[in-house]
Amino acid sequence: MLKKFVYGQPIPTEAVIEDISLSQEAVPYLTVQTDKEGKMTFSSTLNDEDIVYGLGEAPRGINKRGHIYESFNSDDPYHTEEKRSLYGSHNFIVVSGKTSYGIFVDCGAQVTFDIGYTVYDRLAITPSVKDFVLYIIEGDNAYDIIRQFRRVIGQSYIAPFWAFGFQQCRWSYYTADEVREVVRQYREHQIPIDAVYLDIDYMEAYKDFTVSEERFPHFKAFVEEMKAQHIHLVPIIDAGVKIEDGYDVYEEGKAKGYFCKRKDGTDFVAGVWPGRTHFPDFLNPEVRRWFGHQYQTLLEAGIEGFWNDMNEPAMFYTDEGIAEAVDYLKNFDFSCNDSNKFFELGGRVGGLANRRKDYAAMYHTINGESVCHEQVHNLYGYNMTRAAAEAFQALVPDKRILLFSRSSYIGMHRYGGLWTGDNQSWWSHLLLNIKMMPSLNMCGFLYCGADLGGFGANSTRDLVLRWLAFGLFTPLMRNHSALGTRHQECYAFGDTEAFRGLVSLRYRLIPYLYREYIKACEQNEMLFKPLAFAYPQDKIACHIEDQLLLSDDLMIAPVYEQNAIGRTVYLPEEMRFVLFKGAEVVRSERLPKGHHFITVGLDEVPVFIRPGRQIPLCEPSESVDQLDTDTVTYLSFD
Ligand code: GLC
C-alpha cells in the first residue's frame with residue numbers, strides 16, 4: 001500500500017517511475033510540524049523494539065537508530081561514526097516493529113533524518129526545502145515494504161557477467177607498461193582477474209575522454225592486447241570538464257551553454273583534478289545526451305566499462321573561496337595571542353573544498369528555469385550516470401556495459417551501480433562495508449562494493465585477506481588503493497597462495513552469484529539481507545548485524561577483527577557449516593541452532609547453508625569467460 005503526498009512544487013527526480021495517485025488519507029502515526037520559515041518536520045514515536053532500516057549509503061549500523069543523518073552527497077574520505085553524510089543520498093527508511101511502515105522523501109535537496117538522536121524515541125524527518133514528495137509505504141513486514149518500494153522505483157541495473165570477475169585498481173597505474181605488469185603478475189601467480197582500472201592519469205592533463213598518447217600509446221591496440229588476455233580496462237570519467245582552449249569537450253560545452261552557471265549567467269568554475277573546470281548541467285536532458293555521447297570515443301577503442309567519479313560534484317576550491325581566504329589572510333593579525341583566532345585561520349584556509357556557499361552559487365537550467373544547485377544537489381551524480389547509461393543504450397544497445405558511480409540518489413540504481421568511495425584501510429571499514437550492503441540493496445543498489453583492502457592509508461596483508469574473504473560475495477569485487485599508499489595487489493605481500501585461494505573461490509561462486517544477482521534485480525529482491533528478514537520471531541537473529549543472508553540459500557559470517565582466529569556465529573536454525581580453505585572445502589558439518597565459535601584462518605571462508613538449500617560451484621578459472629559453467633558440483637544442506 002503506497003500513499004503519495006506532494007508538498008509545494010517539487011522538481012521531478014524520476015526516482016519513482018510508477019504512476020501513483022495522490023493520497024487524501026491521513027497517516028495516523030506521523031505528526032507534521034511547520035516552523036516559522038515553512039520548513040516541515042514529520043515525526044513519529046519509536047517503540048523500544050522498533051528497528052529502523054534503510055538510508056543506503058550511510059554510516060553506522062543496519063539499524064539506523066540513535067543517530068542523525070543528513071542526505072547531502074559529500075566528498076568526505078573519513079567515514080567515521082560521527083559523520084552524517086557520505087557520497088550517496090538514499091532517503092528511504094523502514095520502521096519495523098509491531099506496525100511497520102516505510103518512508104521515502106523524494107527530494108534533491110538536503111533531508112535530515114533524526115532517528116532517535118535528539119530524543120531517543122522520536123523519529124524526525126526534515127527536508128531542507130518546502131518542495132518535495134513524500135511516500136508512505138505500508139505492508140506486512142519490512143521486507144514486504146522494501147519489495148513494494150523497489151517495484152515503484154524500477155528494476156536495478158544489470159552489470160555484464162565479466163564484471164563479477166575480480167578487478168584491480170590503483171590510483172594510478174601510470175603507463176600501459178605498468179598495467180601490463182599488473183596483469184603479468186596476476187597471471188604468473190595464477191590469481192584470477194578480469195579487469196584493471198585506469199585512474200585519472202591515463203588521461204591527457206585529466207581531460208575527460210582523452211587518452212595520454214605518451215603513457216598509453218596506440219590505445220585501441222592496447223585495449224585489444226588486454227582483451228586477448230581476458231582483461232577489461234575500465235577508465236574513470238570525472239564530472240568536471242577542464243577549461244582549456246582547443247579542448248573539444250570544453251569548447252563545445254561552452255559554445256552550446258551546457259555548463260552550470262553562476263547567478264549572473266556566466267559559467268560556474270571550480271577546481272578539481274584538472275585545475276579549473278566547468279560542470280556539465282546533467283539535469284538538462286540535452287546536456288545528458290551530449291555528455292553521454294562523449295563516451296563513444298572510448299567505446300570505439302573497445303572499452304566496455306566505466307566508473308564515474310567526483311560527481312557530488314566534488315570541488316577542491318573556487319575562485320571566490322580563494323579570494324575570501326586571501327582577503328582573510330591579508331587582514332589577519334599574526335602577532336595576536338589568541339589561539340581561537342589561529343584555529344579559525346586553519347579553517348579559513350583549509351576549508352576551501354566543497355563549501356556549501358559554493359554549491360549555493362551554482363545554477364542549473366531545468367525546463368528553461370534557473371534552479372540553485374542546493375535544490376538538486378543530490379541528483380547530480382545520478383544524472384551524470386544516467387547520461388552515460390542512456391548513451392550506451394543508444395550507441396551499443398546489444399551490449400551490457402559496466403557502469404558505476406561514486407555519487408548517487410535513488411533512481412540511479414536503474415542506470416548503474418556504485419562503489420562506496422574513499423574508505424580507509426581500517427578494520428572498522430570492513431565492518432562498515434558488511435553492514436552497508438543490505439541497506440544499499442533496500443534502496444535498489446545491487447551492483448556495489450567497497451574498495452577492498454581500503455583506499456586511503458597503508459593496508460596490511462591480514463586486512464586485505466579478510467576483506468577479500470567478504471568481498472568475494474559482493475557483486476563488485478575490486479581492490480583499490482590511493483596514491484602514496486602501500487601497494488595492496490594480491491601479489492604485493494610476498495606469498496600469494498592465500499590470495500589465489502580466496503579469489504579462486506570467488507570464481508567458483510560466480511555462476512551462482514550472478515544468477516542470484518539477476519534474480520534479485522528482476523524480482524526486486526535483496527541479495528544481502530539482515531537475518532531479521534528471514535527469522536523475524538528470533539530476537540537474537542533480529543539484532544545481528546555482522547552476519548548476513550546471501551540470497552535465500554546462505555548465511556555468511558565474515559571475520560572483521562584484527563588478530564581474530566575466528567568468531568562467534570549465531571545460527572537461527574540448524575545449518576550446514578562449510579569451511580573453504582581457499583577454493584576447497586575442508587570442513588562440512590551440520591551445526592545446531594545456537595551460538596558457535598568457529599576458527600577461521602586468514603585463507604579460509606565460512607558459509608552456512610540453510611535447510612533444504614543448495615548452491616552450485618564450478619571449477620575456478622583465470623577469467624570469467626574461461627569458466628566452465630556447465631560443469632558444477634553442488635553444496636547442499638543434506
Ligand atoms: C577520488 C576517487 C578515487 C580515485 C581518486 C583519483 O578520490 O574516489 O577512487 O582513485 O579520486 O581519481
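# Notebook: fold, ligand site, pockets and backbone

**Overall fold.** I began with the secondary structure of this protein and counted 15 helices and 36 strands, keeping in mind that I am working from a predicted model. I then looked up the radius of gyration, which is 24 Å and close to the 26 Å that the globule rule gives for 638 residues, so the protein is as compact as a globular protein of that length.

**Ligand site.** Next I asked which residues surround the ligand. I found 13 of them, and the closest are D199, D309, R406, D422 and H480. Sorting this shell by class gave me 8 nonpolar, 1 polar and 4 charged residues.

I then went through the polar side chains that face oxygen atoms of the ligand. For D199, I noted 2.5 Å between an N or O atom of its side chain and an oxygen atom of the ligand. For R406, a polar side-chain atom lies 2.9 Å from a ligand oxygen, and for H480 the distance from a side-chain N or O atom to an oxygen atom of the ligand is 3.0 Å.

**Largest pocket.** I turned to the empty space, since rolling a probe the size of a water molecule over the atoms shows where such space is left. The largest pocket holds about 480 Å³. Its lining is made up of 20 residues, and I listed S96, G97, P536, K539 and C542 as the closest to the centre. When I asked which elements give two or more residues to this lining, the answer was β4 (51-54), α1 (142-153) and α15 (539-542). By class, the lining residues of the largest pocket divide into 8 nonpolar, 8 polar and 4 charged.

**Second largest pocket.** I put the volume of this one at about 340 Å³. There are 15 lining residues, and those nearest the centre are Y157, A389, Q393, K399 and R400. Helix α11, residues 380-395, gives the most to this lining, with 4 residues. The classes here come to 9 nonpolar, 3 polar and 3 charged residues.

**Backbone details.** I finished with the backbone, bearing in mind that most peptide bonds are trans and that most residues other than glycine have a negative phi. Where does the chain depart from this?

- I found a cis peptide bond between W171 and S172, with omega at about -5 degrees, and I placed S172 in the loop that runs between β12 (167-168) and α2 (176-188).
- I found a cis peptide bond between E312 and P313 as well, where omega is about -5 degrees; P313 sits in the loop between β18 (305-309) and α7 (319-330).
- I noted that E14, a residue other than glycine, has a positive phi, near 60 degrees, and that E14 belongs to the loop between β1 (2-7) and β2 (31-34).

Terms used. Residues numbered from 1 in each chain as written. Predicted model: local features only at pLDDT ≥ 70, side-chain atom pairs only at ≥ 80, totals over all residues. Heavy atoms only, no water. Near = heavy atom within 4 Å. Polar contact = N/O pair within 3.5 Å; in protein donor to acceptor, adjacent residues only side chain to side chain. Nonpolar A, V, L, I, M, F, W, Y, C, P; charged D, E, K, R; others polar. 1 Å grid on protein atoms, 1.4 Å probe; cavity = no way out; pocket = protein on both sides within 12 Å on 5 of 7 lines; lining within 4 Å. Points joined across faces, edges and corners; volume = space filled by probe spheres on them. Rg over C-alpha atoms; globule rule 2.2 N^0.38 Å.
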